[in-house]
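Definitions are given where each term comes up.

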Amino acid sequence: MAMNSAARMAGIEPFHVMELMAQAQALEAQGREIVHMEVGEPDFPTPQPVIEAAQRFLAGGHVHYTNALGIAPLREAIAGFYATRYGIAVNPARIVVTAGASGALLLALGALITPGDEWLLTDPGYPCNRHFMRFCEGVPRALAVDATTNFQPTAAQVGAGWTARTRGLLVASPANPTGTLIEPAQLAALWQTVQERGGTLIVDEIYHGLTYGFDARTALELSDDIIVINSFSKYFGMTGWRLGWLVVPPNLVRNVEKLAQNLYIAPSTVAQHAALAAFTPATLALCEARRAEFQARRDLLLPGLRRLGFDIATEPKGAFYIYAEIAGLDTDSYRLAGRLLNEAGVAATPGLDFGNNAPSRHMRFAYTTGAAQLARGLERMTSLFGRQ
Ligand SMILES: Cc1ncc(COP(=O)(O)O)c(C=O)c1O
């Protein structure tokens, strides 16, 4: 008997870049050397103090379930991080440790969405967001954003896009795939617009710490009613540990806790104990050095791509992505991605993965590989385009 999939599965798409990655791997298997600029995670290893904390914890052998909201010392350490980094007091009771920002987004949306609710989000944007909403039987509504507004929505756009069924807005700052931020005044205007309509604002701050030349401010400064997402994946370089967190208003904690208990019982115990070492001076010093390295890479790749003919109207100030308009280089970014891979040995992500707003005109380049590799990638693209 054929298995019938849920209707919602029709709206949940795969990552198109996976196809390109498979091609890249096939080329590598044939001995080709590929410069990887498609990868959305830091290339650095887990900070050593974090590894040692995990090893010490494992040596004790007591690896059991934890509280669904996370272990108290970690929730307190995260609150301490808000105090020292941002100068704001966050009650640890509002901090929920999750299985990555992915788990945090699912818990928040799962606790908030009633089937049929509409939520606003940006296009281009992080592709999983619309799928999370769909999974919760909500209706994602895209706001098309472009370089004229730093690829971030304006209050006017949110107001115009809001309908009687809209319940909230989800934004990321810095954002994936564009690396652009929402200025504090703009965030305040967005929050006011959402609040006036009785909606909920979720701000994904997963790329905080990876901003260049300045520190981003958290949306929690504006209000305790804003929901904030964060993660150990990017700034702390801990993608594979699957650990993040969510800050929610007090009245949402219980529902989020119930969902976490039922969906996965608790976040990884080893990862939580390891993450206690993330906030130590030694780890933070390492993360800051890596941040400087990411900035140097951006400062190499950005002018390099521009020299090649890519159009990057707004300077990305955070994350590790450059979202480039392919301008005169090709008319189809998916085809260009294939050419870059096959003819120049450079892997990058076509716009297709990030939404439906002019995807064929854009590509995302990630500087998650060393400066020497980036320089090699630029050289190879220079000779490819020189041959055109
Ligand atoms: C904007 C954004 N949010 C959330 C995530 C999920 O990250 P994780 O679950 O590893 O914390 C990512 C990963 O790339 C992302 O780019």
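Is arginine 376 buried, exposed or partly exposed? Arginine 376 is partly exposed, with a relative accessible area of 36%; buried means under 20%, exposed over 50%, and partly exposed in between, with a 1.4 Å probe and protein chains only. The model is predicted: local features need pLDDT of at least 70, side-chain atom pairs count only at pLDDT 80 or more, and totals for chains, interfaces and linings use all residues. Residues are numbered from 1 along each chain as its sequence is written, and side-chain values use heavy atoms, with hydrogens and water left out.

**Sheet**

- Seven strands form an open sheet with mixed pairing, in the order E2-E8-E7-E6-E5-E3-E4.
- The edge strands are E2 (95–98) and E4 (139–144), each of which pairs on one side only.
- On average, neighbouring strands of this sheet are turned by 25° against each other, direction ignored.
- Strands (E, at least two residues) and helices (H or I, at least four) are DSSP runs numbered from the N terminus, and two strands pair if DSSP finds at least two bridges between them.
- Strand E3 (residues 118–123) pairs with strand E5 (residues 166–172) in the parallel sense, over four bridges.
- Leucine 120 stands opposite leucine 169 in E5.

**Helices on the sheet**

- Helix H4 (residues 100–112) packs on the sheet and touches E2, E3, E5, strand E6 (200–204), strand E7 (227–231) and strand E8 (244–247).
- The direction of H4 makes about 160° with that of E7.
- Helix H5 (residues 128–135) lies across E3, E4 and E5 and runs at about 165° to E3.
- Contact means heavy atoms within 4.5 Å; axes are lines fitted to C-alpha atoms, for helices over the stretch in contact, and angles run from 0 to 180 degrees between N-to-C directions.

**Cysteines**

- A search of the whole structure finds zero disulfides, a disulfide being a pair of cysteine sulfur atoms within 2.5 Å.
- The closest cysteine sulfur to that of cysteine 136 is in cysteine 128, 13 Å away, which is too far for a bond.
- Cysteine 136 counts as buried at 15% relative accessibility, and cysteine 287 is buried with a relative accessible area of 1%.

**Salt bridges**

- The count comes to 20 salt bridges, where a side-chain nitrogen of Lys or Arg lies within 4 Å of a carboxyl oxygen of Asp or Glu.
- Arginine 376 and glutamate 33 meet in a salt bridge at 3.5 Å, N to O.
- Because arginine 376 lies in helix H12 (residues 371–387) and glutamate 33 in the loop between helix H1 (17–29) and strand E1 (35–36), this pair ties together parts that are 343 residues apart in sequence.
- Glutamate 33 also forms a salt bridge with arginine 380, with the closest N and O atoms 2.4 Å apart.
- Arginine 380 is in helix H12 and glutamate 33 in the loop between H1 and E1, so the pair ties together parts that are 347 residues apart in sequence.
- Glutamate 33 is partly exposed at 35% relative accessible area, and arginine 380 is partly exposed at 21%.
- In the salt bridge of arginine 94 with aspartate 224, the closest N and O atoms are 3.3 Å apart.
- Arginine 94 lies in the loop between helix H3 (72–86) and E2, and aspartate 224 in the loop between E6 and E7, so the pair ties together parts that are 130 residues apart in sequence.
- Arginine 94 counts as buried at 6% relative accessibility, whereas aspartate 224 counts as partly exposed at 42%.

**Aromatic pairs**

- The count comes to 20 aromatic pairs; rings of Phe, Tyr and Trp (its six-membered ring) pair if their centres lie within 6.5 Å, with planes under 30 degrees apart counted as stacked, over 60 as edge-to-face and the rest as tilted.
- Phenylalanine 81 and tyrosine 86 have ring centres 6.5 Å apart and planes at 85°, so the pair is edge-to-face.
- Phenylalanine 81 counts as buried at 7% relative accessibility, and tyrosine 86 counts as buried at 15%.
- The ring centres of phenylalanine 294 and phenylalanine 320 are 5.3 Å apart with planes at 40°, so this pair is tilted.
- Phenylalanine 294 lies in helix H10 (residues 281–308) and phenylalanine 320 in the loop between H10 and strand E9 (321–325), so the pair ties together parts that are 26 residues apart in sequence.
- Phenylalanine 294 and phenylalanine 320 are buried.
- Ring pairs link Phe81, Tyr82, Tyr86, Phe232, Tyr235, Phe236, Trp245 and Phe279 into a cluster.
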